[in-house]
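Me: I would like to go through this structure and ask what each label rests on. Please set each value against its cut-off.

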Amino acid sequence: MLMAEFALLFRPLKRLASLAALPFALLLLAAAPAEAGEVKVAVAANFTEAAKDIGAAFEKSTGHKAVFSFGATGQLYTQISQEAPFEVFLSADQTTAKKAADDGFAVPDSRFTYATGGIVLFSKYKDLVTGEATLKDGKFTKIAIANPATAPYGAAAVEAMKALGVYEALTPKIVQGNSIAQAYQFVDTGNAELGFVALSQVIGKDEGSRWIVPAGLYTIIAQDAVLLKKGAENEAARAFLAYLKDPEAKAVKDKFGYGAGD
Amino acid sequence: MPDIAELWSPIRLTLELATIATVLLLAIGTPIAWWLARSPATWKEAVAAVIAMPLVLPPTVLGFYLLIALGPNGPGGWVAGLYGARTLAFTFEGLVIGSVLFSMPFVVQPIRNAFEAIGERPLEVAATLRASPWDRFWTVAVPLARPGFITGAVLGFAHTVGEFGVVLMIGGNIPGETKVLSIAIFDYVETLQWSKAHILAGGMLVFSFCVILAMMLLEKRIGRPGA
């Protein structure tokens, strides 16, 4: 069907015919969401890989399609506050999701914790990261974190460094990624020798060296989801939020090292 | 009232970056512009095209390649190794390199145009008066091409101030080192500190207006014969 449309389009003499068919094609497209819906989801960068897997399983199981936009939580929230067309917000923390509800952008009482996450000190170089001693010795030139002002995983990294009493000493060596994704990219390209990243980003990788930061040094990151006002009437949006609690979604979270949340 | 020192730091850094980049742009851009204006080589347009590429490339393309080139496995990492560092990314020097590449077309193009506008005659006359090529360049070509130099310098400076995408990718948001004005504004917007964003963004509006207005007035005055 589609191929035929293309063939028509490229045969100049038949171009008019294909143009005449266009309204019908659009009508078909517009009619389609009646059965299989679509939900636009703003996703905190740390949850990128898990969200993709959950999205694929969600589509297979419900027929609805989830379209993701990834970014730092603060950045996504700014967009939401400026009427971005997102319907579900998967924040990397609780405060931003709560703020969305308090400021009137989210459906009240739709908020729940969809995952809990931890941070890990990671380097792509073998033996560089051995434990908290690595931070105390400070034998490196650059350490990457996510921007603590916009990314909860960055704030957790700062909290852990402060708990270890190394934050002051390490401050000149800190480089900030715009999100936890960019922080990991800095580490992965070797531009920073090591960095605090999300456990989910490195859990499947065997190379490099790592230290899983003990939970006592920072507050484990509880990540909340909310249904945004724009998605209040969208069945697919509600279905996606429900699916986050599905055993299949839980299996994906487990695979990426997240706790299941509520 | 927002903290003045906090707002001043990215402004000062940006001015430093733009000043150093502009000096380097003029130093590197002038010989290139001269060669492009005077050389009979037909392949020079290929060189001109390479220099003009940042005009059409998304800053992310430049940012991506710079990140690799400045990193520990690229030439930048090698240079950094000479003084015991590992990478030129996340450094002021790295931003200078990025800015020079990114703003080069804005400097080379007006200077080249100015050199071309001089034509052969004044230089030939100078040659008959036994001015050496070096002498001809400095005492004839450069003064006659002055409008081009001013336009190039102003545009190069302003464009460096306005740089964002490249810095976001290779900067690492370090206060006092790579957190320039455009990044600071981005940060304030993302963290909903809009009063600070307003101060810096409003300042940029005024700055841009002044630059463009000054350019237009300058061009009018310099362009007028006998002025």
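This is a predicted model: local features need pLDDT of at least 70, side-chain atom pairs count only at pLDDT 80 or more; totals for chains, interfaces and linings use all residues.

Me: How confident is the predictor in chain B, in terms of mean pLDDT?

Reply: Chain B has a mean pLDDT of 90, and 96% of its residues reach 70 or more. The complex is given an ipTM of 0.72 and a pTM of 0.77 by the predictor.

Me: Why is Tyr114(A) called buried?

Reply: The cut-off is 20 or more C-beta neighbours within 10 Å. Tyr114(A) has 27 inside 10 Å, and therefore counts as buried. This residue lies in strand E4 (residues 112–117) of chain A.

Me: Which residues does Tyr114(A) contact, neighbours within four places in sequence aside?

Reply: They are Leu90(A), Gln223(A), Asp224(A), Ala225(A), Leu244(A) and Gly261(A). A contact needs C-beta atoms within 7 Å. Gln223(A) is 109 residues away from Tyr114(A) along the chain, yet their C-alpha atoms are separated by 6.1 Å. For chain A as a whole, 79% of the contacts with a separation of 6 or more join residues 24 or more positions apart.

Me: How do you know that E4(A) and E10(A) pair, and in which sense?

Reply: Pairing takes at least two bridges. E4(A) and strand E10(A), residues 221–227, have five, in the antiparallel sense. Within this pair, Phe112(A) stands opposite Ala225(A).

Me: What about E1(A) and E2(A): parallel or antiparallel?

Reply: Parallel, over seven bridges, where two would be enough to count as a pair. The strands cover residues 38–44 for E1(A) and 65–71 for E2(A). One bridge joins Val39(A) to Ala66(A) in E2(A). With helix H3(A), residues 48–62, these two strands make a β-α-β unit that is right-handed.

Me: What is the strand order of the five-stranded open sheet, and what makes a strand an edge strand there?

Reply: The order in chain A is E2-E1-E3-E10-E4, and the pairing is mixed. E2(A) and E4(A) are the edge strands, as each pairs on one side only. On average, neighbouring strands are turned by 20 degrees against each other, direction ignored. Helix H11(A), residues 235–243, packs on this sheet and touches E1, E2, E3 and E10 of chain A; its direction makes about 45 degrees with that of E1(A).

Me: How many residues of each chain are in contact across the A–B interface?

Reply: There are 17 residues of chain A in contact with 18 of chain B. On the chain A side, helix H4 (73–81) and strand E7 (174–177) each supply at least two residues. H4(A) gives the most, with three. The chain A side divides into four nonpolar, 11 polar and two charged residues. Gly counts among the polar ones in this division.

Me: And what does chain A contain overall, by helices, strands and share of buried residues?

Reply: Its secondary structure comes to 12 helices and 10 strands. Of its 262 residues, 46% count as buried.

Conventions
Residues are numbered from 1 along each chain as its sequence is written. Chains are lettered from A and ligands numbered from 1 in the order in which they are written. Helices (H or I, at least four residues) and strands (E, at least two) are DSSP runs, numbered from the N terminus. A residue is buried if 20 or more other C-beta atoms lie within 10 Å of its own, exposed if 12 or fewer, and partly exposed in between; C-beta atoms are placed from the backbone. Two residues are in contact if their C-beta atoms, placed from the backbone, lie within 7 Å. A crossover is right-handed if, with the strands pointing away from the viewer, the path from the first strand over the helix to the second runs clockwise. pLDDT is the predictor's confidence in each residue, from 0 to 100. Axes are lines fitted to C-alpha atoms, for helices over the stretch in contact, and angles run from 0 to 180 degrees between N-to-C directions.
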